[in-house]
Amino acid sequence: MESLAQLEALCERLYNSQDSAERAHAENALKCFSVNTDYISQCQYILDNASTPYSLMLASSSLLKQVTDHSLSLQLRLDIRNYLINYLATRGPLPQFVNASLIQLLCRVTKFGWFDDDRFREVVKEATDFLSQASKEHYEIGLKILNQLVSEMNQPNSGLPSTNHRRVACSFRDQSLFQIFQISLTSLSQLKNDVTSRLQELALSLSLKCLSFDFVGTSIDESSEEFGTIQIPSSWRPVLEDPSTLQIFFDYYAITTSPRSKEALECLVRLASVRRSLFTNDAARSKFLAHLMTGTKEILQTGRGLADHDNYHEYCRLLGRFRVNYQLSELVNVEGYSDWIQLVAEFTLKSLQSWQWASSSVYYLLGLWSRLVTSVPYLKGEAPSLLDEFVPKITEGFITSRFNSVQDGFTDDEDPLDNVELLQDQLDCFPYLCRFQYQSSSFYIINTMEPILQSYTERARLQTADNNELAVIEAKLSWIVHIIAAILKIKQSTGCSVESQEVLDAELSARVLQLINVTDSGLHSQRYGELSKQRLDRAILTFFQHFRKSYVGDQAVHSSKQLYARLSELLGLSDHLLLLNVIVSKIATNLKCYTESEEVIDHTLSLFLELASGYMTGKLLLKLDAIKFIVANHTREHFPFLEEYRSSRSRTTFYYTIGWLIFMEDSPVKFKSSMEPLLHVFLRLETTPDSMFRTDAVKYALIGLMRDLRGIAMATNSRRTYGLVFDWLYPAHMPLFLKGISHWTDTPEVTTPLLKFMAEFVLNKAQRLTFDSSSPNGILLFREVSKLIVAYGTRILSLPNVADIYGYKYKGIWVCLTILSRALAGNYVNFGVFELYGDRALSDALDIALKMTLSIPLADILAFRKLTRAYFAFVEVLCSSHIVFVLNLDTNTFMHIVGSLESGLKGLDTNISSQCASAVDNLAAYYFNNITIGEAPTSPAAINLARHIADCPNLFPEILKTLFEIVLFEDCGNQWSLSRPMLSLTIISEQIFSDLKAQILASQPVDQHQRLALCFDKLMADVTRSLDSKNRDKFTQNLTVFRHEFRVK
């Protein structure tokens, strides 16, 4: 008993202690219960005898871990199951969390044993026995078991491969889920008058879980509120067509309060989304729809429960589901449609007025209206849709609500205008409403906008103005511009011809273009620091993005004559070149005037890049004077944001765009003249003496220059353009990079942009680094890379570590590894030349790269994602192109690298595990070709490899074991890649393979041994001891069959 008391004290500490060291000590002491299978009987002893809830919790959670992580014998699992059912029935009241944990354990055992024995499948019957007991406690346990069971079956588990999970889930769906749904409905009707809400809540939750089950294995994203139709099996048809099923949820909504009423609505949302083909015929479906409409109509008439925010939101979702699953023609033919649509319209208008409260819910309602509107052309028959009456009101209500929200000022932390992407998503549905009666909507928008635009224009002429008043005007204008942008994004409409639509598009666009003339004039040109002005400019940029897609570019010009004719009358903009000029002038103004706002600069640059990288628009841009000016004068005098250190990341995008424009014209002269501003910076830095090189002026000039050069290098996509940049930089300016690295090694702000430029410069994308056969440029470039990496590596390794070690050291190291990997794999350097002529560039670079990787603990390499990627890419390149270097390392280093490959194989990233597999395959293939089937090894590298393996005979068997475990017991998306090293390792030694086979069989239940041994024999059928591609492919095919047969229970 004494030891049980000690255990209870430890459990108390584990779950309750405030002291983390004490908790860690308790966790360590109690770990054996969840790890060692010998402790399972002790867990049972604790459940029988312990008195504190925490020790019961320990026993339950330890058993859960054991069941999930270990293959326990069938009898043991059946014993655990029977014990738990008996325990829950007889133990009496337990704390909620212990109960929940025991029930989860029961359901996990049931799921994992579903196909092993029929007794596991009787769990629904056992739960029903609980429900038939007299006591409420038993009833509650029965409902909890069913709730947890449905959740467990619907959720993938780490201990169960996803294919097995789907098999169990499908079998459960076919055998038990419908019965559980019926139990939930029966419970709901029995509990209707029960005042204890707990049981009602469990029964509602059970219905919802059944309806939310992943019926077809599409694994819906749980975090998303949107889902398609629900694929309920046909066997459920009678229950869903029975009116009492829908009615019970409407009743529960009426008699309960939130959160139960919200759950009832959630069940209705799911039922409203049931697939159309489930119903016997159209009449049955119409009856179901009529019931839904009557129920929702009653809620609107009484307003019951809608004052609660959760109910309100869920109710809006329910109305939103009508658009997904039903056609307007079906709605119109339901009796009472006119009352229903009128109530929904009033509800929508009311929601728009109480915007602050209902902001996120309103979009479901707008979605419903937009779907109804787009269905109008397909409406046949006499029944009126009544949309003409309500839609214009809703359109106007929406715009008014936006204005009111601006007038009142936002109480939330974030103004919707700040998040442009989200705002455009939310406005997705609204344009369909505007285009439904486009003439009246556009006139309403114009009439609303003109007086505001007028007062904004007048204020431009004043010397001073009230800032708050101006902020409100700008916010209103921002909303209107966003709405016009959203309307231009879609070009279809139902109510009027294409020509008249274009004219109306032109009318709206003209108002925004007029606004642009005002925003940067007079008083407004002093307001670039104001948030409301920045929001307005971002709205204008969004408008340009949508306008460009619809009306500027290849196809758009010929198909939009009406628009340009009207714009010509209104503003004299007769074609898209003039309009592009307006856009580019605005881009130039923003880049000149905004120094503070990163958001506006980034948004402006992304529009600029969109224009430059479009084939047609790019060509047109070159004709504009404004573009010629930008390309020739990209200096901080003209564009002050380049001066601002905060915007230095934007410089790369800016120069990437300028690069695009320069390289469109095949002109070395133009390239040279465009690079003049950068050349001045180079010359200034190159003439700075060493003693002055550690000043802030040099620092910021160097950071800016590196970001600019990276943008230019990114824009080179062909041999010709890359050659222009290479000849400009090499050899004249290369020493500056070395000087920068040497003087600023301890300042990542400088070294990171410099190294990232180099990583871009050595990347052979689109075969741009292809030099003439007689050109030494590839070798010369690699020499520079080598000098740079050696200079950085030797210095960074000598510096002490700091708290932010990733930013200070690891980031630079991973960029260096990326540079080296790209240079080694770029296929533009003949690396044999270095050894031949005694040049140490290659060996020095590899040595220092290796020292840098060895300076980082493997745990850190695996902890930082970008570092992990760079490290494994580097090791793969080493093993494929420079394997001799790896083999000539000392045994400890060799073992460390190969050990890290095993860790990479076990990781979750399939790209990385494929790289590791390729590296292992290269090593194993080298061993096979040079040692297994070769004569006695003669080359130093082969002798070294033989020595490494002799020192560490477990190395290859361990990796092969890891590979088999991944393929057999996990879901791997890169089986092909993993199969390659498996063959190489298998044929190195027959002994390794037979030992592994024995190990794997020993870990499986005895009754499976014969079947699994046969699987292993089939794996090697028709596979010979060679590594030619035909044999490899045969093994890969066999492995696929082997994996499938092995995993069939």
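1. Ground rules. Residues are numbered from 1 along each chain as its sequence is written, and side-chain values use heavy atoms, with hydrogens and water left out. In this predicted model local features need pLDDT of at least 70 and side-chain atom pairs count only at pLDDT 80 or more, while totals for chains, interfaces and linings use all residues.

2. The second largest pocket. It holds about 500 Å³ of space. A pocket here is an open set of points on a 1 Å grid over the protein atoms alone, where a 1.4 Å probe fits, with protein on both sides within 12 Å along at least five of seven lines. The volume is the space filled by probe spheres set on the points, which are joined across faces, edges and corners.

3. Its lining. The pocket is lined by 22 residues, where lining means having an atom within 4 Å of a point. Closest to the centre are Ala759, Trp814, Thr818, Arg822 and Ala870. Helices H38 (748-761), H40 (805-825), H44 (865-881) and H47 (910-932) each give two or more residues. H40 supplies the largest share, 7 residues. Helices are DSSP runs (H or I, at least four residues), numbered from the N terminus.

4. The lining divides into 9 nonpolar, 6 polar and 7 charged residues. Ala, Val, Leu, Ile, Met, Phe, Trp, Tyr, Cys and Pro count as nonpolar; Asp, Glu, Lys and Arg as charged; the others, Gly among them, as polar.

5. Cysteines. The structure holds 0 disulfides, a disulfide being a pair of cysteine sulfur atoms within 2.5 Å. Cysteine 316 has its closest cysteine sulfur in cysteine 429, 13 Å away, too far for a bond. For cysteine 952 the closest is in cysteine 879, at 16 Å, also too far. Cysteine 316 is buried, at 0% relative accessible area. Cysteine 952 is partly exposed, at 24%. Buried means under 20%, exposed over 50%, partly exposed in between (1.4 Å probe, protein chains only).

6. Asparagine 311. This residue sits in helix H15 (residues 309-325). Glutamate 263 is 48 residues apart from asparagine 311 in sequence, and 8.8 Å apart in space, C-alpha to C-alpha. Beyond four places in sequence, asparagine 311 contacts (heavy atoms within 4.5 Å) Tyr253, Ser258, Ser261, Lys262, Leu265 and Gly305.

7. Asparagine 147. Helix H8 (residues 136-154) carries asparagine 147. Asparagine 147 is buried, at 5%. Neighbours within four places aside, asparagine 147 is in contact with Leu202, Ser205, Leu206 and Lys209.
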